[in-house]
There are 2 protein chains.
Amino acid sequence: MRSAFLFAMAPLLMGAVPAAADDLLARARDAFQPVPAQTQAAQGHEAALVRLGKTLFFDPRLSGSGALSCNACHNLGLAGSDLHPTSLDDTWTSTPRNAPTVLNAGLNGALYWDGRAADLTAQAAAALLSPGEMNGTRERVEATLRSLLGYRVMFRQAFPAAAEPATLDNAAAALAAFQATLTTPDSRFDRYLRGDTAALDGRERDGLALFMDKGCAGCHGGVNLGGSTYYPFGVVEKPAPALLPPADRGREAVTADPTDAYFFRTAPLRNVALTAPYFHSGAVASLGEAVSVMAATQLGTTLSADEVQALTAFLGTLSGTMPAVDVPRLPAPAAPPADG
Amino acid sequence: MRSAFLFAMAPLLMGAVPAAADDLLARARDAFQPVPAQTQAAQGHEAALVRLGKTLFFDPRLSGSGALSCNACHNLGLAGSDLHPTSLDDTWTSTPRNAPTVLNAGLNGALYWDGRAADLTAQAAAALLSPGEMNGTRERVEATLRSLLGYRVMFRQAFPAAAEPATLDNAAAALAAFQATLTTPDSRFDRYLRGDTAALDGRERDGLALFMDKGCAGCHGGVNLGGSTYYPFGVVEKPAPALLPPADRGREAVTADPTDAYFFRTAPLRNVALTAPYFHSGAVASLGEAVSVMAATQLGTTLSADEVQALTAFLGTLSGTMPAVDVPRLPAPAAPPADG
């Protein structure tokens, strides 16, 4: 009897939450999933492939200028982005859109703001070759990789069966494998989803409830709270031109379908408090303002200041544990010939 | 008797080297010293100061563009340099001179190619503020640092007695403290200097002997094999204009003394095999060619191909153990106000 009584009391002794809060957890579990410690893609790759990808990620020699690495715009010290409204590309010209974070990018169903890359590998290859990103060419990238003994060894280890392993496509695959390891598990929200309801305070739980009640979660669901679907920026109300520059018609450029005009990928919200400024235009610096804009343009709702604060507090709980990355030693040029 | 005999034989039993090689070691010990595991400057600083300096070193927000960190030109994955003849500055314009490595920079007596900074701290401050380097202003750098809660905490920890710790000068001091930790001990040459004569093979020992016999060590001596003295580029024979651009008159610009025209700092040679291209102009890609040029211009000597190869082999033994550095998490912008 005594032990049964204690068993029944256990939830209370452990700091149980009221039934309403339990309902909130149940609803949240229907809408969202925690970030796994390591993504499926990363588990399927060899360590040599990930190590190669990390080295490539930090190597500025892959760019046209030889001075811009992936890490320049997707800075792993800055939550995988660069805090700029739009980035500076390899010719130091502003890119048209805000750099999305690479953190948890392997958990997105869509890559780029317009979904023009099918997966992380296609995204990496596109970024290397785009004149408005790293400005490389297939020939130059491959010549660079093959000129460096260190890379020849690393590509051989990562692609042991290939006749010529040091190719742009294999570089992209390695970059994808590395990026797939860049997950940020154990956010307070994820601890909440796993049953530690005290991981969110009351204000944050209010924000979570609003996030579902107002309709945010209808698009921003799943593991990444977004990142896999497309919607018009302006479902209900067209945003100001500063936020939605008329010349950038979004997904229409990918599908050539005018009904896709101004469709963009639903932004994934993991670590969103760390990756200002916001939207594809990077035009909004404050997360609170971004929340208000979304409510107005996507949901036709005007939020109170209190609601915005609660929602922003909830979004702050989506910041997870940053991956630990050491600065890789990049392959040195071959010992120069003693040609004096 | 027996033990005395064994004692006398011990050097032979342990693989002793001929007397000539012992002479070589003795001469080398007169001319050079090994890199200490940690420099004196680093020992004198608190861990908080070094940690702050590392964070600042990787933070692009210190630059005018907000996109260029110290690590861009002094890439710790590329032996502390960038492999470019000259670097791209904060406005993506070529700098006039080759970026010297930060590795072992705390062991140099002179900073910059013309010695215009008295020490690492002065160098860091100058690089932050120079329009042709990071292009910052004191006001903007300090405003940036003070706007970030993470930096306010880190500066307070590093400078507990300061009324306002987040200053440009303190940032420079922290950068200097971090850079002073970036030593590369335990090169094969240092193991040789410590008595492990087998750490260099015969070819490399030949190169070492030539390095002293030909006169290279007269300027390239000490711990860093250079880095502390000034000589004209062209003591004996003027280099070609491509190597010595006439408009860059070197140390004369610092001292305003015409007799310093075309004087430059003796390049420190630690890790020189990893930091091509060479000279202040970065105009020579091959270490062998750089050796030949030095012999001709500084010593009036024409080296044989065999001598160049031996010298280059010796220089390859100056590559030490790279410091292990993890990518620091840079302070996030303050949580934006919920101002919706």
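Trainee: Which element gives the most to the lining of the largest cavity?
Mentor: This is a predicted model, and a cavity here is a set of points, on a 1 Å grid over the protein atoms alone, where a 1.4 Å probe fits but cannot get out. A residue lines a cavity if it has an atom within 4 Å of such a point. Helices are DSSP runs (H or I, at least four residues), and strands are E runs of at least two, both numbered from the N terminus. With 3 residues, the top contributor to the largest cavity is α5(A).

Trainee: What should I know about numbering, and what pLDDT do local features need?
Mentor: Residues are numbered from 1 along each chain as its sequence is written, while chains are lettered from A and ligands numbered from 1 in the order in which they are written. Side-chain values use heavy atoms, without hydrogens and water; totals for chains, interfaces and linings use all residues, side-chain atom pairs count only at pLDDT 80 or more, and local features need a pLDDT of at least 70.

Trainee: What is the volume of the largest cavity?
Mentor: The search of the whole structure finds 4 cavities of 30 Å³ or more. Grid points are joined across faces, edges and corners, and a volume is the space filled by probe spheres set on the points. On that basis the largest cavity comes to about 470 Å³.

Trainee: Which residues lining the largest cavity are the closest to its centre?
Mentor: Both chains take part: α5 (70–73) of chain A and α5 (70–73) of chain B each supply at least two residues of the lining. By class, that lining has 17 nonpolar, 11 polar and 2 charged residues, where Ala, Val, Leu, Ile, Met, Phe, Trp, Tyr, Cys and Pro count as nonpolar, Asp, Glu, Lys and Arg as charged, and the others, Gly among them, as polar. Of the 30 lining residues, the closest to the centre are A:S69, A:N71, A:A72, B:S69 and B:A72.

Trainee: How many nonpolar residues are in the lining of the second largest cavity?
Mentor: This cavity holds about 70 Å³ of space. Its lining draws on both chains, including A:L274 and A:M322 as well as B:R329 and B:P331. Beside 1 polar and 1 charged residue, the number of nonpolar ones is 9.

Trainee: Are α6(A) and α9(A) oblique or roughly perpendicular to each other?
Mentor: Axes are lines fitted to C-alpha atoms, for helices over the stretch in contact, with angles from 0 to 180 degrees between N-to-C directions. Helix α6 (residues 120–129) and helix α9 (residues 168–180) of chain A pack at about 120 degrees, with their axes 8 Å apart. Under 35 degrees counts as roughly parallel, over 145 as roughly antiparallel, 65 to 115 as roughly perpendicular and the rest as oblique. The α6(A) and α9(A) pair is therefore oblique.

Trainee: How many charged residues does the contact of α6(A) with α9(A) have?
Mentor: Contact means heavy atoms within 4.5 Å. Among the residues making it are A:L120 and A:L128 of α6(A) and A:D169 and A:A176 of α9(A). Beside 11 nonpolar and 3 polar residues, the charged count is 1.

Trainee: How many charged residues are in the contact of α7(B) with α9(B)?
Mentor: Helix α7 (residues 138–147) of chain B packs against α9(B) at about 75 degrees, with the axes 9 Å apart, which makes the two roughly perpendicular. The contact joins B:R138, B:V141, B:E142 and B:L145 to B:L168, B:D169 and B:A171. With 4 nonpolar and no polar residues, the charged ones number 3.

Trainee: Where does A:P277 lie?
Mentor: The peptide bond from A:A276 to A:P277 is cis, with omega near -5 degrees. A:P277 itself sits in the loop between β2 (263–265) and α14 (287–299) of chain A.

Trainee: Where is B:A79 found?
Mentor: B:A79 has a positive phi of about 55 degrees although it is not a glycine. Its place is the loop between α5 and α6 (120–129) of chain B.

Note on methods
On a 1 Å grid over the protein atoms alone, a cavity is a set of points where a 1.4 Å probe fits but cannot get out, and a pocket is an open set with protein on both sides within 12 Å along at least five of seven lines; lining residues have an atom within 4 Å of a point.
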